[in-house]
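My notes follow in the order of looking.

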Amino acid sequence: YSDSKNNPYGDKTDNEIIEICDKIVSNFIEQKCKAIVIACNTASAKAAKTLREKYPETPIIAIEPAYKIVHDFAYDQVTLVMATKGTIESEKFHKLYNKYDNHKTYLMACPADIIEEENQEKIKDYLKKNLKEYVGKVHNIVLGCTHYPLIQNEIKEVLGDVEFFNGASSLAKHLKDILPTLSEDEQLELLSTNGMLVKRPILET
């Protein structure tokens, strides 16, 4: 499900995000979804706790910036966390950051709307201007917004040989662990608030 009508969420208030997410999740619950994944870091940070409390019978899996992975595999290296203002200011991220802080980490609040616009020149100008102070300083980049992997190559053009971390693969593995075995006739529906509807067998994805 793509919320093209309301995204990006990065600069919305907590209450706005919770209200939007609650409407989406309640609709999924009515359709008897087996599990719900919040694949937006800001929505996860702001709404996951409330949604889990309201819908305790349905597994709600929330993505989060892969800062723990950096702690586990590259603790001594300098890290830059790129995330929306909403994610960086959230209580959930602060708990994660304070728990795994290596005291060699920069936090950079970034917008997601310029990626939505798909203006490559604007994206590259933004990255050159805002990443220049980190050139030669950082080894790891935490992509703390699910938009940012779309511009990973552009980030690398500015920062050079850096290692990228994002939470998508861990989230997918977690989802696989909690879902029951899928049958061949089950389908994946791709929905969007812009009216898009696509159906295809899950096992082909």
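**Entry 1: a lysine**

I looked up Lys-46 first: its relative accessibility is 15%, so it counts as buried (buried is under 20% relative accessible area, exposed over 50%, partly exposed in between, with a 1.4 Å probe and protein chains only). The model is a predicted one, in which local features need pLDDT of at least 70 and side-chain atom pairs count only at pLDDT 80 or more, while totals for chains, interfaces and linings use all residues. Residues are numbered from 1 along each chain as its sequence is written, and side-chain values use heavy atoms, with hydrogens and water left out.

I place Lys-46 in helix α2, residues 41-54 (helices are DSSP runs of H or I with at least four residues, strands are runs of E with at least two, and both are numbered from the N terminus). Setting aside residues up to four places away in sequence, I list Asp-14, Ile-17, Ile-18, Gly-86 and Ser-90 as touching Lys-46 (contact means heavy atoms within 4.5 Å). From a polar atom of the Lys-46 side chain to the backbone oxygen of Gly-86 I read 3.5 Å.

**Entry 2: cavities**

The grid is 1 Å over the protein atoms alone; a cavity is a set of points where a 1.4 Å probe fits but cannot get out, a pocket is an open set with protein on both sides within 12 Å along at least five of seven lines, and lining residues have an atom within 4 Å of a point. Points are joined across faces, edges and corners, and a volume is the space filled by probe spheres set on them.

The largest cavity holds about 40 Å³. I find its lining made of Asn-41, Ala-45, Ile-63, Glu-64, Pro-65, Lys-92, Phe-93 and Leu-96. Helices α2 and α5 (91-100) each give two or more residues to that lining, and α5 gives the most, with 3.

The second largest cavity has about 30 Å³. Its lining includes Met-82, Cys-110, Tyr-126 and Leu-127, and α6 and α7 each supply at least two residues. By class I count 9 nonpolar, no polar and no charged residues there (Ala, Val, Leu, Ile, Met, Phe, Trp, Tyr, Cys and Pro count as nonpolar, Asp, Glu, Lys and Arg as charged, the others, Gly among them, as polar).

Of its 18 lining residues, I note Ala-62, Glu-64, Gly-167, Ser-170 and Leu-171 as the closest to the centre. The lining divides into 9 nonpolar, 3 polar and 6 charged residues.

**Entry 3: cores**

Which residues have the most contacts inside the largest nonpolar core? I find Leu-80, Met-82, Leu-127, Leu-131, Ile-141, Ile-155 and Leu-159, in a core of 24 residues (a nonpolar core is a set of buried Ala, Val, Leu, Ile, Met, Phe, Trp, Tyr and Cys residues joined through side-chain atoms within 4.5 Å). The largest share, 4 residues, comes from α7. Apart from this core I noted another, of 16 residues, among them Ile-17, Cys-21, Ala-47 and Ala-48.

**Entry 4: an alanine**

Last, I checked Ala-172 in helix α9.

Definitions and conventions
Polar contact = N/O pair within 3.5 Å; in protein donor to acceptor, adjacent residues only side chain to side chain.
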